[in-house]
Amino acid sequence: MPMTLGVLIYPEFQLLDAAGPIAAFEMPMRGIKPAPYSLRIMALEPGLVRSSSGAALFAEPLAGAGEIDTLMVVGGEGTRGPASCPRTLEFIRTQAKTARRVTSVCSGSIILAAAGLLDGRRATCHWGRSRQFPRLFPKVKFEPDRIYTRDGKFWTSAGITAGIDLALAL
């Protein structure tokens, strides 16, 4: 049975924050039967979710997500919405209890930090948010000069291409 990679998106997410890591998981699985991973793109509001570039991905609802092996929260201009949404934060906290790995790409670490999952842990974020992040989340051991960090089952990456590096490391 394949393990599930759950990618959490939201309006105004960064398309490459999702597409890069998805491709990093997909490429090595070509021709492997059965595939070791299945993919679920999820959002609070299912259906087409528009990225900051205008391109959209189709997302399944958070409800009924089932067991997720690796949860990946993407970044982007729209992080304020999910970082302040009680339903989204509760979904992330609930999944974090059972997921083998909880990850973020770029400014997605803001959402994980808003859920309280990074308190006392090492984490990084996109350089453009490196001044804001420690002010908003003083309990996080912020490391602005890292491509990605791993603290237990929690992984965070600095930016778009760092998200691909993180996915390859996973």
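Helices (H or I, at least four residues) and strands (E, at least two) are DSSP runs, numbered from the N terminus. The views below show a predicted model, in which local features need pLDDT of at least 70 and side-chain atom pairs count only at pLDDT 80 or more, while totals for chains, interfaces and linings use all residues. Residues are numbered from 1 along each chain as its sequence is written, and side-chain values use heavy atoms, with hydrogens and water left out.

**View 1. The lining of the second largest pocket, with β3 and α2.** Strand β3 (47–50) and helix α2 (80–83) each supply at least two residues of the lining of the second largest pocket, and β3 gives the most, with 3 residues. A pocket is defined on a 1 Å grid over the protein atoms alone as an open set of points where a 1.4 Å probe fits, with protein on both sides within 12 Å along at least five of seven lines, and lining residues have an atom within 4 Å of a point. The volume of this second largest pocket is about 150 Å³, a volume being the space filled by probe spheres set on the points, which are joined across faces, edges and corners. Its lining holds 14 residues, of which Ile9, Tyr10, Pro11, Leu44 and Glu45 lie nearest the centre. By class, the lining has 10 nonpolar, 2 polar and 2 charged residues, where Ala, Val, Leu, Ile, Met, Phe, Trp, Tyr, Cys and Pro count as nonpolar, Asp, Glu, Lys and Arg as charged, and the others, Gly among them, as polar.

**View 2. The largest pocket and Cys106 in its lining.** The largest pocket contains about 180 Å³ of space, and its lining is made up of Gln14, Asp17, Ser52, Gly76, Glu77, Cys106, Ser107, His126, Gly128, Arg129 and Ile160. These lining residues divide into 2 nonpolar, 6 polar and 3 charged. Cys106 is placed in the loop between β6 and α4, and its phi is near 60 degrees, a positive value in a residue other than glycine. With 8% relative accessibility, Cys106 counts as buried, a term that means under 20% relative accessible area, whereas exposed means over 50% and partly exposed in between (1.4 Å probe, protein chains only).

**View 3. Glu12 in the loop between β1 and α1.** In the loop that runs between β1 (3–8) and α1, Glu12 has a positive phi of about 70 degrees although it is not a glycine. Most residues other than glycine have a negative phi. Glu12 is partly exposed, its relative accessible area being 33%.

View 4. Within α6 (residues 160–169), the residues Ala162, Gly163, Leu166 and Ala167 are buried. Seen down the axis of α6, the buried residues fall within an arc of 145 degrees, so they line one face of the helix; the arc is that of the directions from the helix axis to the C-beta atoms. The face turned away from this buried side carries the exposed residues Thr161 and Leu168. The elements that cover the buried residues of α6 include α1 (15–26), β5 (70–73), β6 (101–104), β9 (148–151) and β10 (154–157).

View 5. Thr103 is found in strand β6 and, at 0% relative accessibility, counts as buried. Leaving aside neighbours within four places in sequence, Thr103 is in contact (heavy atoms within 4.5 Å) with Thr70, Leu71, Met72, Val73, Leu112, Trp155, Leu166 and Leu170.

**View 6. Aromatic pairs.** Rings of Phe, Tyr and Trp (its six-membered ring) pair if their centres lie within 6.5 Å, and planes under 30 degrees apart count as stacked, over 60 as edge-to-face and the rest as tilted. By this rule the count comes to 4 aromatic pairs. The rings of Phe25 and Tyr37 have centres 4.9 Å apart and planes at 80 degrees, so this pair is edge-to-face. The pair links distant parts of the chain, with Phe25 in helix α1 and Tyr37 in strand β2 (residues 37–43), 12 residues apart, and both Phe25 and Tyr37 are buried. Tyr148 and Trp155 form a stacked pair, at 6.0 Å centre to centre and with 25 degrees between the planes; Tyr148 counts as partly exposed at 31% relative accessibility, whereas Trp155 is buried, with a relative accessible area of 8%. Ring pairs also link Phe133, Phe137 and Phe142 into a cluster.
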